[in-house]
Amino acid sequence: MGPGWQPWTWLERRSNHVSVKLFALVLLIYLTFRILFSGFVVLLPVPESPAVAVDRSYSTEVTVGVVSDAKPRKDTCNLFTGEWIPNPSGPAYTNESCRFIESPQNCMKNGRPDMGYLFWRWKPHGCDVPPLNPQKFMDVMRNKTWALIGDSILRNHAQSLICLLSKAEDAVEIYHDEQYKSRTWHFPSHNFTISLIWSPFLIKAEIFENDDGESKSENRLHLDTVDENWTSQYNSFDYMVISGGQWFLKTAVYMENNTDVGCHYCPKLNLSELGYEYAYSKTLKSVFHFVATSEHKPIIIYRTWAPDHFEYGQWFSGGVCNRSAPYKAGEFDGREVDRVMRKIELEEFNRAVALDRTEQAAHLKLLDTFQLSLLRPDAHSGPYRRFHPFEKDKNAKVQNDCLHWCLPGAIDAWNDLIMKLILDE
């Protein structure tokens with residue numbers, strides 16, 4: 001011990017112990033609050049990032065851009081995320097009141113026995129979509145021209161639109177090509193015109209396939225050249241609905257600069273397998289580039305991928321679609337190809353909007369019918385693409401159509417959404 005050391009008295013030791021204990025208590029209380037407060041912060045929910053980057057510069061109060069599977073906020077309305085709810089009032093028209101329904105989609109006339117698929121309506125989360133008002137639509141579109149550009153699903157879509165509008169005025173067909181794939185209708189008292197333009201690939205294509213899906217050679221797609229079948233008429237349209245589709249899944253040779261660059265499923269050819277994803281992405285780039293660089297600026301509505309609902313096979317291998325009610329949300333997520341193709345569409349659409357910061361960006365609108373269509377396995381033509389297919393044999397094996405839609409039916413909701421997108425502005 002040092003020379004200045006003195007032993008503590010009992011009172012001094014006790015006072016010091018009290019001070020130490022008091023300090024320890026204060027420290028313990030402080031640490032407890034730190035831990036509790038830190039734990040509270042950690043437990044706060046963290047919002048998930050969207051699967052695809054979203055440019056909100058073109059959004060309005062109603063969300064019409066990229067669809068998120070997350071539950072929307074209470075103060076927003078995502079038109080494309082929701083559920084099908086019962087609709088006791090039924091469809092806006094029937095096969096008897098509309099003469100524009102083509103035979104493969106005229107399910108009631110073809111003998112479909114169940115009618116339950118007619119009594120549903122699309123209900124988005126956080127808002128409502130009223131049925132298309134044909135008179136209001138026609139009044140707003142007086143002296144306007146529309147075009148629907150794509151494949152047979154767009155033809156299906158066009159029939160639905162014309163049936164709905166014919167409640168206000170009967171349409172007059174003023175043009176059709178030799179195969180009735182491209183057609184034009186006119187509503188004379190409103191001077192309103194709708195053109196259906198056959199362009200299954202949207203780009204220049206040499207097609208070697210008949211209407212039964214039989215091919216004598218591989219289709220040849222010019223991925224960097226848009227189809228003149230619609231671009232030659234582009235300047236005459238005020239509104240355009242454009243969509244790609246299932247044709248991209250077919251065997252094809254891909255060309256750029258008039259040179260073969262690869263293919264999809266061509267084992268007999270000495271070409272690299274690039275896959276349909278490559279072709280679809282390139283095609284949409286070409287389409288959106290044409291739209292962005294054109295001086296004419298119509299309203300462009302891009303409609304997303306339409307899923308099929310074949311079960312137990314495909315259209316050529318005995319696949320069927322015999323469900324009688326919609327899926328519930330989360331019950332069916334689609335096939336891998338559905339998710340891949342829709343992802344490409346959303347990426348290319350958002351890229352097109354992001355790259356064009358001019359007013360033209362407001363002319364690009366997304367009609368994302370994917371989820372509402374995905375939930376309707378009951379609404380396809382199925383075996384009733386043909387007239388009374390089981391009339392002679394109740395157990396007959398009949399080819400099903402699980403891609404196109406019965407009219408009237410679920411596809412009518414696509415036009416309800418179009419009216420909401422267009423007329424709300």
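Author: A disulfide here is a pair of cysteine sulfur atoms within 2.5 Å. We're looking at a predicted model, where local features need pLDDT of at least 70, side-chain atom pairs count only at pLDDT 80 or more, and totals for chains, interfaces and linings use all residues. Residues are numbered from 1 along each chain as its sequence is written, and side-chain values use heavy atoms, with hydrogens and water left out.

Reader: Fine, then why is the link between Cys77 and Cys127 called a disulfide?

Author: The S to S distance of Cys77 and Cys127 is 1.7 Å. The cut-off is within 2.5 Å, so the pair passes. Cys77 sits in strand E2 (residues 77-86), while Cys127 is in the loop between strand E3 (120-125) and helix H2 (134-140), so to speak 50 residues away, which makes this a link between distant parts of the chain. Strands (E, at least two residues) and helices (H or I, at least four) are DSSP runs, numbered from the N terminus.

Reader: How many disulfides does a search of the whole structure find, and what pattern do they follow?

Author: It finds five. Counting bonded cysteines along the chain, the pattern is 1-4, 2-5, 3-10, 6-7, 8-9.

Reader: What makes Cys263 and Cys266 a disulfide, and why does Cys263 count as buried?

Author: Their sulfur atoms are 1.6 Å apart, which meets the criterion. Buried means under 20% relative accessible area, exposed over 50%, and partly exposed in between (1.4 Å probe, protein chains only). Cys263 has 1%, so it is buried, and Cys266 at 5% is buried too. The angle about their S-S bond is -70°, a left-handed link.

Reader: How do you know that Cys321 and Cys402 tie together parts that are apart in sequence?

Author: Start with the bond: the sulfur atoms of Cys321 and Cys402 are 2.2 Å apart, inside the cut-off. Cys321 lies in the loop between strand E13 (299-303) and helix H6 (336-355), and Cys402 in strand E16 (residues 401-405), so the tied parts are 81 residues apart in sequence. This link is left-handed as well, with -90° about the S-S bond. Cys321 counts as buried at 8%, and so does Cys402 at 0%.

Reader: How do you know that the span of helix H3 agrees with what it should be?

Author: The expected span is 1.5 Å times one less than the number of residues. For the 14 residues of H3 (residues 152-165) that gives 20 Å, and the end C-alpha atoms are 20 Å apart, so the two agree. Helix H5 (residues 275-293) has 19 residues, should span 27 Å and has its end C-alpha atoms 28 Å apart, which also agrees.

Reader: Why is H3 called mostly covered, and what caps its N-terminal end?

Author: In H3, 14 of 14 residues are buried. The cap is Asp151, with a side-chain oxygen 3.0 Å from the backbone nitrogen of Ile153.

Reader: What makes Arg155 and Glu102 a salt bridge?

Author: A salt bridge is a side-chain nitrogen of Lys or Arg within 4 Å of a carboxyl oxygen of Asp or Glu. The closest N and O atoms of Arg155 and Glu102 are 3.7 Å apart, so they qualify. Arg155 lies in helix H3 and Glu102 in the loop between E2 and E3, so the pair ties together parts that are 53 residues apart in sequence. Arg155 is buried at 18%, whereas Glu102 is partly exposed at 22%.

Reader: How many salt bridges does the structure hold?

Author: There are 19. One of them joins Arg376 and Asp378, with closest N and O atoms 2.9 Å apart, and both of these residues are buried.

Methods: Polar contact = N/O pair within 3.5 Å; in protein donor to acceptor, adjacent residues only side chain to side chain.
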